Amino acid sequence: MEKVIIIRYCELHLKGKNRGFFERLFAVNMERALKGIKHEIRRRSGRYLIEGFEDDDIELILSKLNKVFGIHTISVGYKVKSDMGDIYLAAKLVCPASGTFKVETHRADKNFPMNSMQISAQIGGRLLDDIKGISVDVHNPEHMVNIDVREDGTSLIFGKFFKGAGGMPVGSAGKGLLLISGGIDSPVAGHMIAKRGMSIDCVHFHSYPYTNMQAKEKVIDLAKILSSYTCGTTLHIIKVTHIQEEIHKKCNSEYMVTLLRRFMMRIAERIAQRCGAQCIITGESLGQVASQTIEGMTSSNAVIEKLPVLRPLCGFDKNEIIERSKDIGTYDTSIQPYEDCCTVFLPKHPVTKPKMEDVLAEEAKLDVQSLVDEAIGTLEIVKL
Ligand code: ATP
Ligand code: MG
């Protein structure tokens with residue numbers, strides 16, 4: 001009898017001819033997540049089994065697998081020879097000491113001498129005889145004992161189905177560039193898009209010395225947490241101090257954020273070209289702050305030449321975003337109080353509904369191209 005972790009995956013069956021590609025990617029992502037932990041991953045008719053691990057590592061393995069997109073459910077159980085004696089011994093280990101239970105059998109091996117009803121009845125009957133504190137409840141049991149008689153002469157016996165991370169394997173849907181600030185929203189936006197199978201690179205803009213080193217460290221920490229879901233990430237760090245100083249010097253201060261946003265988008269598109277990203281992702285949410293009106297988005301979107309901009313949080317309320325950031329583990333880092341570059345030179349009354357002709361008139365006071373080039377020249381790369 002061997003202890004195993006059973007992994008069932010989602011949606012991969014939808015992908016027809018690409019199925020092999022998706023499954024290989026999924027297995028590679030699980031391997032990456034479990035790097036450094038003793039284990040073996042095997043594919044078994046529509047599911048994966050993790051075997052050969054140390055008992056003490058189970059919690060660690062489950063915590064890593066919880067971040068692998070594409071996993072539908074996970075169970076911990078036993079693999080035994082398909083023999084009623086062996087199946088029973090494993091069922092006894094899975095069965096609780098008290099409460100109500102039900103045995104459910106799935107028989108893929110049609111040559112097995114008993115059908116699934118008979119297997120469940122016999123194993124359930126023996127469990128009832130042997131364990132005094134339990135009783136059967138077929139309609140609403142507190143505990144399940146599941147028996148899966150596989151075609152290869154082995155059976156899997158397990159209790160609970162734990163919900164996995166869902167989604168699609170990272171890497172199956174291309175690559176995007178996330179504009180990551182130190183705030184709550186952008187890491188959540190990156191997580192949502194990664195969940196649909198996209199690899200994520202990140203770009204962060206800072207205004208050192210107006211923003212401090214801790215603010216940068218905080219973003220590195222956030223990108224690191226995100227990378228635990230995305231099988232790694234590359235963080236591109238760009239200094240925009242000179243751009244903000246120039247806007248401050250030459251333009252109407254009410255346009256600081258509007259103009260800065262347009263610079264961020266231009267620079268992001270250049271970085272995306274360099275790193276092979278096929279879209280830009282932001283944490284904007286409609287109407288959340290002054291710069292996130294539809295007019296503000298129209299203004300920043302207008303400088304993008306080729307790529308789509310994904311704004312997965314557009315329809316979310318702030319408290320929904322906060323819930324998600326707590327779930328994915330970025331919240332505590334996001335709320336550390338360091339300034340973002342958008343708060344530097346922040347005007348008292350930023351324009352909330354910028355008119356395009358006014359934006360263009362303000363921007364005409366700047367040498368946009370050379371400011372962008374200078375920013376690209378400050379690029380620092382951190383691999384996480
Ligand atoms: P967040 O919580 O992600 O900071 P926010 O609600 O504070 O978002 P804004 O500050 O208006 O909103 O930023 C909107 C989006 O612009 C962010 O979600 C992020 O994608 C991008 N952004 C803002 N500041 C930066 C920055 N310094 N570097 C990179 N991207 C940024
Ligand atoms: Mg912010």
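These legends accompany several close-up views of one predicted model.

Because the model is predicted, local features are described only at pLDDT of at least 70 and side-chain atom pairs only at pLDDT 80 or more, while totals for chains, interfaces and linings use all residues. Residues are numbered from 1 along each chain as its sequence is written, chains are lettered from A and ligands numbered from 1 in the order in which they are written, and side-chain values use heavy atoms, with hydrogens and water left out.

**View 1. Where domain 1 meets domain 2.** The domain assignment gives domain 1 (2–163) and domain 2 (175–383), with bounds that come from an automatic or database assignment. Five residues of domain 1 and seven residues of domain 2 make the contact (heavy atoms within 4.5 Å). The C-alpha centres of the two domains are 44 Å apart. Between them they bury about 640 Å², 58% of it on carbon and sulfur atoms; buried area is the accessible area (1.4 Å probe) that two parts lose on being put together, summed over both. Look here for two residue pairs in polar contact, both at pLDDT 80 or more, and for zero salt bridges. A polar contact is a pair of N or O atoms within 3.5 Å; within protein, one must be able to donate a hydrogen and the other to accept it, and residues adjacent in sequence count only if both atoms are side-chain atoms.

**View 2. A network of salt bridges around Glu51.** Glu40, Arg42, Glu51 and Lys79 are linked in this network; a salt bridge is a side-chain nitrogen of Lys or Arg within 4 Å of a carboxyl oxygen of Asp or Glu. Between Lys79 and Glu51, the closest N and O atoms are 3.0 Å apart. The pair is 28 residues apart in the chain, with Lys79 in strand S4 (residues 71–81) and Glu51 in strand S3 (residues 47–51). Helices (H or I, at least four residues) and strands (E, at least two) are DSSP runs, numbered from the N terminus. Lys79 is buried at 15% relative accessibility, and Glu51 is buried at 4%. Here, buried means under 20% relative accessible area, exposed over 50%, and partly exposed in between (1.4 Å probe, protein chains only).

**View 3. Lys216 paired with Glu380.** This salt bridge has an N to O distance of 3.0 Å. It joins Lys216 in helix H6 to Glu380 in strand S15 (residues 380–383), 164 residues apart. Lys216 is buried, at 13% relative accessibility, whereas Glu380 is partly exposed, at 33%.

**View 4. Asn146 and its neighbours.** Asn146 sits in strand S7 (residues 143–149) and is buried, with a relative accessible area of 7%. Follow its side chain to the backbone oxygen of Gly159, at 2.7 Å. Leaving aside residues up to four places away in sequence, Asn146 touches Glu104, Leu156, Ile157, Phe158, Gly159 and Phe161.

**View 5. Backbone details on either side of helix H6.** Most residues other than glycine have a negative phi, and most peptide bonds are trans. The bond from Tyr208 to Pro209 is cis, with omega near 5°, and Pro209 lies in the loop between strand S11 (199–206) and helix H6 (213–230). Cys231, in the loop between H6 and strand S12 (234–239), has a positive phi, near 55°. Cys231 is partly exposed, at 27% relative accessibility.
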